[in-house]
Each structure stands twice: as C-alpha cells, then as structure tokens.
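Here's a quick briefing to read alongside the model. Have the viewer open and follow along as the topics come up.

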Amino acid sequence: MPPPKPIQASPKTLSLLNDLHSKSQSQEHTISMYTFWAIKLLTSLFSSASWSQSDDDYMRDKFIALEPAKCEFIYLIARSSGARNIVEAGTSFGVSTIYLALAAGQNAASRLHSESGAGKYQAKVIATEKEASKAKQARQHWRLVGDEVEPWITLLEGDLLETLPAELERTGDIDLLLLDIWIPLALPTLQLVKPRLRRGALIITDMTGIAKKAYSDLLGYLHDPANGFKTMTTPFSGGLEVTVYLPDLE
C-alpha cells in the first residue's frame, strides 16, 4: 500500500492536484522546454538576466508549477509554522496556491478550535500574477476545488510591485513568502514584503541551486547578517532556498 499523502485535502482536491502536476510535468519534459531553460541559464552566466516579449509569448500557456514534492514540503512547513498570512509571488496556473490556501485555511481553523470558537476565522493567501490569461485559468482551478481554498485566496493581477503594497496594508503580519517568479524580481519583492514579515517568517525561493549566479543579488542580501535572515539551500531538484527571518531583538 502506498504511503498516505502528506497533505490534508479532499479526494476531489487531491485528484485535481495530481492532474495539474501531470500536465505541468508533461510540458516540462519536452525538448522545447529543456532548450528554452538551457538557453536562459547559459545567458544568465554571461550577462544580466533579461526577459523578452517572445519569452512571455512562449511561456503564456506553460504551467511552470513547482514539483509535487516541493509543494508538499511547503504545505508541511506552512502547517507546522501556523502560517495564515501568505504571499505567493508568481502564481501562474495556481497549482502551488492550492497547497498554500489549504495550509492557511487549516491553520486558521486549528486556531479557531484551540480558542474554543472565539474570535474570527482569518487567513489570506495573496497570490500575484502578471499574465491575465494565467490568472483566469488559476481562478478556474480554484473554483473546481471550491470552499476548500477559494475563501482564502486574494489574486492580484498585474505588476506585483504596483499591486502588492496596498494589499499588504490591508493584511496582518506576513508569515510566509513564496518566491517562484522571474529571478530579477525576487529581491525587489522580498524588500517590498520585508517590513511586514513577522519574526520567524519563512521565505521559500525556487531554483537557487541551479541558478545560483542569477540569484546572486538575492543570495547576497540573504547572507548579509545585517538583514536578519538565516538561510540554506535544500537539496530539492534545482535547489530550494529555505529562509527564516530572525532580526535581532531590540
């Protein structure tokens, strides 16, 4: 008998996630995608990373979803840390958002239960997506899951550096930030969210192993003790950076 899934979700949600991951992996394991990422990686080794309109056009129908093991890991650390206010930079078709919303909603329910029903049932996953067609598809996926995730998701369409500040003002301290976005936007996004991070907040960044040079600005910022982060690159495929915000106590 296979081991049980590490996430708590209905059979309907588990079936949808399995289907979405299968579609994503089918896209990833093509010569076209291997060639695309190889060219982008090689370019980043010799020049500043750039992203063109043709790149946008090519990626418009691509999932670019985190692998199942990474999503399950992020779900588990979100549950273990009690994360309820989460920012996801780079939603794409909304696959990883489902895991984040499951964790946030379940954490809110656990807190409500522990307080014997006192207070308000609160959780929020702020999802960001620049591409309108992907945002539309993400909403459709969340609608298929329904109340298990939809109540916890706020989707911001457009440039997150423009849309995110106002939403952060309407949100409590941020417990978890997922950076799965165009690499040059990773550091500006972290700097934008940092003033709202609670002590002990988690920051998860994908592909920091294979794209270490492209991430040099972000990693330099994380490694500077003055900025208050403790970080390590975990041995998931491509490297998954797990960072904790631990500024000095005043």
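**Serine 92 and the overall picture**

Start with serine 92, which sits in the loop between E1 and H5. Keep in mind that this is a predicted model. Zooming out, the chain's secondary structure comes to nine helices and seven strands. Of its 250 residues, 46% count as buried. If you look at contacts with a separation of 6 or more, 74% of them join residues 24 or more positions apart.

**Two residues with positive phi**

- Back in that E1–H5 loop, serine 92 has a phi near 55°, a positive value in a residue other than glycine.
- As background, most residues other than glycine have a negative phi.
- Is serine 92 buried or exposed? Its relative accessible area is 9%, and the cut-off for buried is under 20%, so serine 92 counts as buried.
- Methionine 207 also isn't a glycine, and its phi is positive too, at about 70°.
- You'll find methionine 207 in the loop between strand E5 (197-206) and helix H9 (216-223).
- With a relative accessible area of 28%, methionine 207 is partly exposed, because that class covers the range between 20% and 50%.

**The sheet**

- Seven strands make up an open sheet with mixed pairing, and the order is E3-E2-E1-E4-E5-E7-E6.
- At the edges are strand E3 (153-157) and strand E6 (229-234), each of which pairs on one side only.
- On average, neighbouring strands of this sheet are turned by 15° against each other, ignoring direction.
- Strand E1 (residues 85-89) runs parallel to its partner, strand E4 (residues 174-179), and the two share four bridges.
- E6 and strand E7 (residues 240-245) go the antiparallel way, over six bridges.
- Here lysine 230 stands opposite valine 244 in E7.
- E6 and E7 form a hairpin with five residues between them, and glycine 238 in the turn has a positive phi of about 80°.

**Helices on strands and on each other**

- Helix H6 (residues 132-145) lies across strand E2 (124-129) and E3, and runs at about 165° to E3.
- Helix H7 (residues 160-169) and helix H8 (residues 186-193) have axes that come within 10 Å and cross at roughly 15°.
- The H7/H8 crossing is right-handed.
- On the H7 side, Leu160, Leu161, Leu164, Pro165 and Leu168 meet Pro188, Thr189, Leu192 and Val193 in H8.

**Nonpolar cores**

- The largest nonpolar core has 40 residues, and the members touching the most others are Ile98, Trp142, Val149 and Leu176.
- Which helix gives the most to this core? That's helix H5 (residues 95-114), with nine residues.
- Valine 149 contacts Ile98, Ala101, Leu102 and Trp142, leaving aside its neighbours within four places in sequence.
- There's also a second, separate core of 26 residues, and Leu187, Leu190, Leu197 and Tyr221 are among them.
- As a general point, nonpolar side chains in soluble globular proteins tend to be buried together.

- Asparagine 107 lies in helix H5, and at 6% relative accessibility it counts as buried.
- Which residues does asparagine 107 contact, leaving aside its neighbours within four places in sequence? They are Ala78, Arg79, Gly82, Ala83 and Arg84.
- Asparagine 107 and serine 80 are 27 residues apart in sequence, while their C-alpha atoms are 8.9 Å apart in space.
- Asparagine 85 is in strand E1 and is buried as well, at 17% relative accessibility.
- Not counting residues up to four places away in sequence, asparagine 85 touches Ala123, Lys124, Thr171, Gly172, Asp173, Ile174, Asp175 and Leu176.
- Leu176 turns up in that contact list and also in the set of core residues that touch the most other members.

Technical notes
Residues are numbered from 1 along each chain as its sequence is written. Side-chain values use heavy atoms; hydrogens and water are left out. Two strands pair if DSSP finds at least two bridges between them. Axes are lines fitted to C-alpha atoms, for helices over the stretch in contact, and angles run from 0 to 180 degrees between N-to-C directions. Contact means heavy atoms within 4.5 Å. A nonpolar core is a set of buried Ala, Val, Leu, Ile, Met, Phe, Trp, Tyr and Cys residues joined through side-chain atoms within 4.5 Å. Buried means under 20% relative accessible area, exposed over 50%, partly exposed in between (1.4 Å probe, protein chains only). A crossing is left-handed if the near helix is turned anticlockwise from the far one by less than a right angle, and right-handed if clockwise.
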